[in-house]
Amino acid sequence: MTPAPLAAPLAARLTAVAGPLFFPVTAYGPDGGVDLKAFRAHVRAGVDAGAAAVFACCGTGEFHALTPQEFRLVVAAAVEETAGAVPVVAGAGYGTALAVQFARLAEEAGADGLLAMPPYLVVADQRGLLAHYTALAAATRLETIVYQRDNAVFTPETVLALARTPGIVGLKDGHGDLDLMQRVLGAVRTGAPDADFLYFNGLPTAELTSLAYRGIGVTLYSSAVFAFAPDIALAFYRALSFGEAELTDALLDHFYRPLVELRAKGRGYAVSLVKAGVRLGGLDVGTVRTPLTEPPAAHIEELAALIATGRALLEKHRTGERA
């Protein structure tokens, strides 16, 4: 298959729509196989709700649990369902050889870019990490965002080298060290002033730290909440963007902070709790694949109560504006 001509630069497309970045879950049917019909409905709902981009088969989408064949099918379904309305970015990970294989599958499926996740298992030095992401960026025509977290945390000098690497257009930070991020921004700003390099807050439930990241100039963020409560996620995004401090603080205090506390009650909840939330919304996307496990009923009930609280806050804010 010959890849289609690339659209506008990914950096421009990711900032063209004012909305959260959508990380859909991957749907599975009763037999455990990928349910493309449910996945398409999930993607379409997110795009219709105002997502700025679709990040398919990434962390929330259980990249770790997908075969290469399933990965290609899911990415292709996301591309077809968005129909060019917003960019589709696909995950790529493991060691360099497999990451390149997934990158090429994403390109064949029509993706607009890659989210390069940390290498599998090993802890590499900065030279090895740079070689890994450089090889991945060179493997396709897709523009690449590098995901910083766990065993892939970079020095400012390494990020500067990444920013100078053809095909690498951004850094998603899931590490959360604002001192390091400030030094990274400064290194790229002074060392590669012409680079159109993007930064993303990629922490789980990124809304909770969005004010802090905005303080250093990082305004883009991934929203897990958008996958199961897009109305709440979009209302928060708009309140934050337009300086509506009362609604921003109310959602942080009464929805996002309790959500983070709930997420901390179980391993893998950054994925399984999100998937439970999608099911609470009425779309059967199945359960998570092993080795992840499902939250107990009590935690799903807590999540349902939190969603109801968030929506009550939105209604209170709406009626207050009308009064």
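1. A crossing is left-handed if the near helix is turned anticlockwise from the far one by less than a right angle, and right-handed if clockwise. Helices (H or I, at least four residues) and strands (E, at least two) are DSSP runs, numbered from the N terminus. In those terms, α10 passes α11 in a left-handed crossing.

2. This is a predicted model, in which local features need pLDDT of at least 70 and side-chain atom pairs count only at pLDDT 80 or more, while totals for chains, interfaces and linings use all residues. Residues are numbered from 1 along each chain as its sequence is written, and side-chain values use heavy atoms, with hydrogens and water left out.

3. Helix α10 (residues 230-241) packs on helix α11 (residues 245-263) at an angle of about 140°, and their axes are 9 Å apart. Axes are lines fitted to C-alpha atoms, for helices over the stretch in contact, and angles run from 0 to 180 degrees between N-to-C directions. The two helices, α10 and α11, are therefore oblique to each other (angles under 35 degrees count as roughly parallel, over 145 as roughly antiparallel, 65 to 115 as roughly perpendicular and the rest as oblique).

4. On the α10 side the contact (heavy atoms within 4.5 Å) is made by Ile232, Ala233, Ala235, Phe236, Ala239 and Leu240, and on the α11 side by Leu247, Thr248, Leu251, Leu252, Phe255 and Tyr256. By class, this contact of α10 with α11 has eleven nonpolar, one polar and no charged residues. Here Ala, Val, Leu, Ile, Met, Phe, Trp, Tyr, Cys and Pro count as nonpolar, Asp, Glu, Lys and Arg as charged, and the others, Gly among them, as polar.

5. For helix α2 (residues 36-49) and helix α3 (residues 68-82) the packing angle is about 40°, with the axes 9 Å apart. That makes α2 oblique to α3. Their crossing is right-handed. From α2 the contact takes Leu36, Phe39, Arg40, Val43, Arg44 and Val47, and from α3 it takes Leu73, Val74, Ala77, Ala78, Glu80, Glu81 and Thr82. The residues of the contact of α2 with α3 comprise eight nonpolar, one polar and four charged.

6. Helix α6 (residues 156-163) and helix α7 (residues 178-191) pack at about 45°, with their axes 8 Å apart. That makes α6 oblique to α7, and the crossing of α6 and α7 is right-handed. Pro156, Val159, Leu160 and Ala163 of α6 meet Leu180, Arg183, Val184, Ala187, Val188 and Gly191 of α7. This contact of α6 with α7 divides into eight nonpolar residues, one polar and one charged.

7. In the unreviewed UniProt entry, the annotation "active site" covers Tyr147 and Lys172; such annotations may be inferred rather than shown by experiment. Although spread over 26 residues of sequence, they cluster in space, with a largest C-alpha distance of 4.7 Å. Tyrosine 147 is placed in strand β5 (residues 143-148).

8. Two backbone features deserve a check. Most residues other than glycine have a negative phi, and most peptide bonds are trans. Cysteine 57, in the loop between β2 (53-56) and α3, has a positive phi near 55°. A cis peptide bond joins threonine 290 and proline 291, with omega about 15°; proline 291 is in the loop between α12 (269-280) and α13 (297-322).
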